[in-house]
Amino acid sequence: MTNQARLPAGLIALTLGSFGIGLTEFVIAGLLPQVSLGLGVSEAAAGWLISGYALSVAVGAIVVTAATGTLPRKPVLVGLVALFVAGNLLSAVASGYPMMLLGRVVAALCHGSFFGIGSLVARRMVPPERASRAVAVMFAGLTLANVLGVPFGALVGERWGWRATFWAITVIGVLALVAIAALVPGWAGAVGRAHPSAGSGPSGLRAQLHAFRSWQVWLTLAATALGYGGMFGAFSYIAYTFTLVSGFSAADVAWLLVVYGTGLVIGNLAGGRAADLDRDRTLIVSLAGLALTLLAFGLLAASPVASVVLVFLLGLFGFAGVPGMITRVTDYANGVPLAASANVSASNVGNALGAWLGGLAISAGLGYTAPLYAGAALVLAALVVMTISARRASAGAAG
């Protein structure tokens, strides 16, 4: 990049794609009552439109990336966004629940691979010393979708019906597809070729699997799963914490989630910049900050003022490590796309684990602050794993 103030146009196109995919993931939360009523299914069945999506992301990230590993990455990204468009189109025109669920699954299949492969393409468009920042810019679309997704879906759905929301996301997907096809440079998406100053890894399935012989890869994936699990496990029940512990009304939850999402956006961008300076230290500091935030939240949740501050810090520290984790796992895996997609799968596995543990804690009668403490325990475990991994790396014992 000759002008540090200017982002590559292809990177902006990838960010638009991540924004659309993020909307698909988050928007359904604000539409479930309408979708349930419109399709004539129970709330529990409608809930599978969320959990089915998450499971499909975890599986699709590995399977789709492995199946496309030898193909040029730019056409693969275009194909993934086309899959995303098809899935949302199915949801928009769904005549019944099975078709709606199918649309969610189809859209989800592109999610993990898009972020895995897209992160490799994003970092190839900039010099190596800006790799984490490039990944952060791409993921900014996802964090903005987290902030805007639920209110956007609720607003459009209330005025024009829930199908209109999926039509709008379909249009965003088409725009992203055109932008990626037109603006991502061919060399950035070529297998075995990269930015003149950046490395490129092997693409064959055997070579990609060989990269997983590195202990650093597995330690990073474990830290990702535990760290994400801690944050999202607590976040899954945050509305109950706000209303039943902090004393907020149900109407307050929407703007509190915007506070959380703002923390995500800032943490993601700041974490990407910090990771380019000292990646392992950034990851350790972000995990330590997240653990302390969750512990403090559990202790101070009865205070409305403290809750506002702490939910912002939850987003800030929670996403500050995302760019560094992705560049770390792909660097130790010699740049193979399967490792980047495995990182997305690990985060979704962690989400499921954290939500399950938080639910168990509530069911055990430990109260609505219990998921915060359970999340803190998971993040502390992630901090231990990351510290061990960083020490092995500094001692030259990687892999």
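The model is predicted, so local features need pLDDT of at least 70 and side-chain atom pairs count only at pLDDT 80 or more, while totals for chains, interfaces and linings use all residues. Residues are numbered from 1 along each chain as its sequence is written, and side-chain values use heavy atoms, with hydrogens and water left out.

As for the overall fold, the chain has 17 helices and zero strands (DSSP runs numbered from the N terminus: H or I of at least four residues for helices, E of at least two for strands). Its radius of gyration is 20 Å, close to the 21 Å that the globule rule gives for 399 residues, so the chain is as compact as a globular protein of that length. That radius is taken over C-alpha atoms, and the rule is 2.2 Å times the number of residues to the power 0.38. The C-alpha trace spans about 55 × 50 × 40 Å along its principal axes.

The largest nonpolar core holds 94 residues, of which Leu14, Met100, Phe114 and Phe319 touch the most other members. Such a core is a set of buried Ala, Val, Leu, Ile, Met, Phe, Trp, Tyr and Cys residues joined through side-chain atoms within 4.5 Å. Helix H17 (residues 370–394) gives this core its largest share, nine residues. A second, separate core has twelve residues, among them Ala225, Val329, Val336 and Ala346. Beyond its neighbours within four places in sequence, Phe114 is in contact (heavy atoms within 4.5 Å) with residues including Leu14, Ile21, Leu77, Met138 and Ile180.

Helix H15 (residues 322–332) is mostly covered, with nine of its eleven residues buried; Arg328 and Val329 are among them. After H15 comes Asn334, with a positive phi near 60°. Next up is Ala342, which sits in helix H16 (residues 337–363) and counts as buried because its relative accessibility is 8%. Not counting residues up to four places away in sequence, Ala342 touches Ile62, Phe212 and Leu221.

Note on methods. Buried < 20%, exposed > 50% of the residue type's maximum accessible area, 1.4 Å probe, protein only.
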